[in-house]
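Trainee: Could you show me how to read pockets, salt bridges and surface patches in a protein model? I would like the general idea, then the case at hand.

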Amino acid sequence: MEKSAKIWMNGKLVDWDDAKIHVLSHVIHYGSSLFEGLRCYPTAKGPAIFRLKDHTKRLYNSCKIYRMEIPYSPQEIDQAIRQLITVNGLKDCYIRPLVYRGYQALGVDPSKCPVDVAIAVWRWGKYLGQEAIEKGVPVCVSSWSRMAQNTFPPMAKAGANYMNSQLIKMEALMDGYVEGIALDVSGYVSEGSAENLFIVLDGALLTPPLGASILPGITRDSIITLAGEMGLEVREQLIPRELLYIADELFFTGTAAEVTPIRSVDKIPVGSAGRGPITKELQERYFAIVSGKAEDKYGWLTHVS
């Protein structure tokens, strides 16, 4: 992991190596954290953050579900992110805002613990590997299911939810795959360990609905918008596992994964076992916007300065 100079913690800039919390902080013992992941891209007009306000809104929504009141306004969080990128002299980076229950008490009830906020930025390449963008990745259907809607709220981007993600990811890697796809508790396709999923079938674009225990992905929403521009039919629907094996194309979306093709599922080739034409077109449109090479007609880019 490439260090940056400064991390923002509760309104102050601290050195990377000094950004510490107490070992008895509530978050360490009970997973009481909500977070976001954003990317900042280099453009001809300088560094630009992709869909900053939408990510901040989702962070506040996640915290609202868990009854955590962020002690800063959305505008202050947005400004802190921009300041941090500038202070660290970064042109492109990954951005991690984190809201967590800090040090005060150690009962399961978190209400006596302070709500702390930290933001970190650092350089991070392609999440699933540089080659994955063109050649795609091999994946498996995980033996681990996504959490049921009435257990952990999937719409909240909570640290605790990613214990489930770790099991999915580790199982996939140990079995020789790059990533795993989880089913929901009813056996329908949900998402990857940290990515939303799209299927191309007979010229239409299919993706699991929110009710399939998925995170409401912001990159997912962007791809749905771009697919509409292309005249593609987009359907949010329950997807049976076997549809993964007969799809024409499959791809992941997410802030870290961006738009990554899937070349096989459980060692069954997807389409031509590489990046399909619709995936390629959506990729190119997406990367053109985030790099500032295409018109940002949706106002998705926030320039750092």
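Mentor: Gladly; we will take the pocket, then the salt bridges, then a surface patch. Keep in mind that this is a predicted model.

Trainee: How do I start reading a pocket, and what volume does the largest pocket have?

Mentor: The general idea is that rolling a probe the size of a water molecule over the atoms shows where empty space is left. In this structure, the largest pocket comes out at about 640 Å³. Its lining counts 34 residues, and F35, R96, K157, Y162 and A194 are the closest to the centre.

Trainee: Which elements give two or more residues to that lining?

Mentor: They are the helices α2 (52-65), α5 (161-174) and α6 (218-229), together with the strands β6 (93-101) and β14 (249-254). The largest share comes from α5, with 5 residues.

Trainee: And how do the lining residues divide into nonpolar, polar and charged?

Mentor: There are 15 nonpolar, 12 polar and 7 charged residues in the lining of the largest pocket.

Trainee: While we are at α5, I would like to look at M163, which has its place in that helix. Is M163 buried or exposed?

Mentor: M163 counts as exposed, because its relative accessibility is 52% and the cut-off for exposed is over 50%.

Trainee: Now the salt bridges, please. How many does the structure hold?

Mentor: The idea first: side chains of opposite charge can pair when their charged atoms come close. This structure holds 16 salt bridges. One of them joins K3 and D17, with 2.9 Å between the closest N and O atoms. K3 sits in the segment before β1 (6-9) and D17 in the loop between β2 and α1, so this pair ties together parts that are 14 residues apart in sequence.

Trainee: Where do K3 and D17 stand on the accessibility scale?

Mentor: K3 is exposed, at 53% relative accessible area, while D17 is partly exposed, at 48%.

Trainee: What does the pair of R39 and E258 tie together?

Mentor: Their side chains meet in a salt bridge at 3.8 Å, N to O. R39 belongs to strand β4 (residues 38-41) and E258 to strand β15 (residues 258-265), so the bridge ties together parts that are 219 residues apart in sequence. R39 is buried, with a relative accessible area of 7%, and E258 counts as buried at 1%.

Trainee: Which residues are linked in a network of salt bridges?

Mentor: R51, D54 and D221 are linked in such a network. Within it, the side chains of R51 and D221 meet at 2.9 Å, N to O. That pair links distant parts of the chain, with R51 in the loop between β5 (48-50) and α2 and D221 in helix α6, 170 residues apart. R51 counts as buried at 8% relative accessibility, whereas D221 counts as partly exposed at 33%.

Trainee: Last, the surface. Which residues form the nonpolar patch?

Mentor: The patch is made of I21, V23, L24, I28, Y30, Y103, L106 and V108, which together have about 740 Å² of accessible area. Take L24 as one of its members: L24 lies in the loop between β2 (12-15) and α1 (26-30).

Technical notes:
Residues numbered from 1 in each chain as written. Predicted model: local features only at pLDDT ≥ 70, side-chain atom pairs only at ≥ 80, totals over all residues. Heavy atoms only, no water. Patch = residues over 30% accessible without salt bridge, like charges linked within 9 Å, V, L, I, M, F, W, Y side chains within 5 Å. Areas by Shrake-Rupley, 256 points an atom, 1.4 Å probe, with all protein chains shown as cover. Salt bridge = Lys/Arg side-chain N within 4 Å of Asp/Glu carboxyl O. Helix = DSSP H or I, 4+ residues; strand = E, 2+ residues; numbered from the N terminus. 1 Å grid on protein atoms, 1.4 Å probe; cavity = no way out; pocket = protein on both sides within 12 Å on 5 of 7 lines; lining within 4 Å. Points joined across faces, edges and corners; volume = space filled by probe spheres on them. Nonpolar A, V, L, I, M, F, W, Y, C, P; charged D, E, K, R; others polar. Buried < 20%, exposed > 50% of the residue type's maximum accessible area, 1.4 Å probe, protein only.
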